[in-house]
Amino acid sequence: AMEEATFLTKFATNVTIIHRRSEFRASKIMQKRVFDNPKINVIWNQEVIDMIGDPKDGGLKKAILKSSDGKQTEIECDGLFLAIGHRPNSSFLNNQLETDDKGYIITKSDSTETSIKGVFACGDIQDTVYRQAVTAAGSGCMAAIEVERYLEAAD
């Protein structure tokens, strides 16, 4: 997550890491890079439980967070990237997408399309084998192309 957040700052005005715990388990070097980057904010002891938006109205608008004490809050955002660590962080989907027994999102063969038309998954949330940045970037590219084609067909 530290590496991905740092990378995203090249394209985003700001990046917010939402972390379920009160400290990171990443290497001290990666943590320092995050804490020293003025574009990165951290929200501790929270997890994403829902996303609000409409693909016909500009896509994602906000994320619903739940704190460790159960309190829910909303934050405005126009993009959300999940870095799952060693276990897929897909529980927020509430079984709305088809997953395997470990929680990885199942995508169609040679595609990033999920069990719901117009919803795509890429990277570690659906890669049960490699789980590497380079393969995640490749599947992210696949997803971007497939989303673009999907949106063009919808016009």
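Ser91 counts as exposed at 54% relative accessibility (exposed means over 50% relative accessible area, buried under 20%, partly exposed in between, with a 1.4 Å probe and protein chains only). Ser91 sits in the loop between β5 (72-76) and α3 (133-154) (helices are DSSP runs of H or I of at least four residues, strands are E runs of at least two, both numbered from the N terminus). The model is predicted: local features need pLDDT of at least 70 and side-chain atom pairs count only at pLDDT 80 or more, while totals for chains, interfaces and linings use all residues. Residues are numbered from 1 along each chain as its sequence is written, and side-chain values use heavy atoms, with hydrogens and water left out.

**Loop between β5 and α3**
- The C-alpha atoms of Ser91 and Tyr104 are separated by 9.9 Å, the two residues being 13 apart along the chain.
- Thr112 also lies in the loop between β5 and α3, but Thr112 is buried, with a relative accessible area of 1%.
- Beyond residues up to four places away in sequence, Thr112 touches several residues, among them Thr107, Phe120, Ser139 and Glu146 (contact means heavy atoms within 4.5 Å).
- The side chains of Thr112 and Glu146 are joined by a polar contact of 2.7 Å (a pair of N or O atoms within 3.5 Å; within protein, one must be able to donate a hydrogen and the other to accept it, and residues adjacent in sequence count only if both atoms are side-chain atoms).
- Thr112 and Lys66, 46 residues apart in sequence, are 28 Å apart in space, C-alpha to C-alpha.

**Helix α2**
- Met30, Gln31 and Val34 are buried in α2.
- Seen down the axis of α2, these buried residues fall within an arc of 100 degrees, so they line one face of the helix (the arc is that of the directions from the helix axis to the C-beta atoms).
- An α-helix has 3.6 residues a turn, so residues three or four places apart point the same way.
- The buried residues of α2 pack against α1 (2-8), β1 (15-18) and β2 (40-43).
- On the face turned away from the buried side, α2 carries the exposed residues Lys28, Ile29 and Lys32.

**Gln31**
- Gln31 belongs to α2 (residues 28-36) and counts as buried at 10% relative accessibility.
- The side chain of Gln31 reaches the backbone oxygen of Ala26 at 2.7 Å, and a polar atom of that side chain lies 3.4 Å from the backbone oxygen of Phe24.
- Leaving aside neighbours within four places in sequence, Gln31 is in contact with Met2, Phe24, Arg25 and Ala26.
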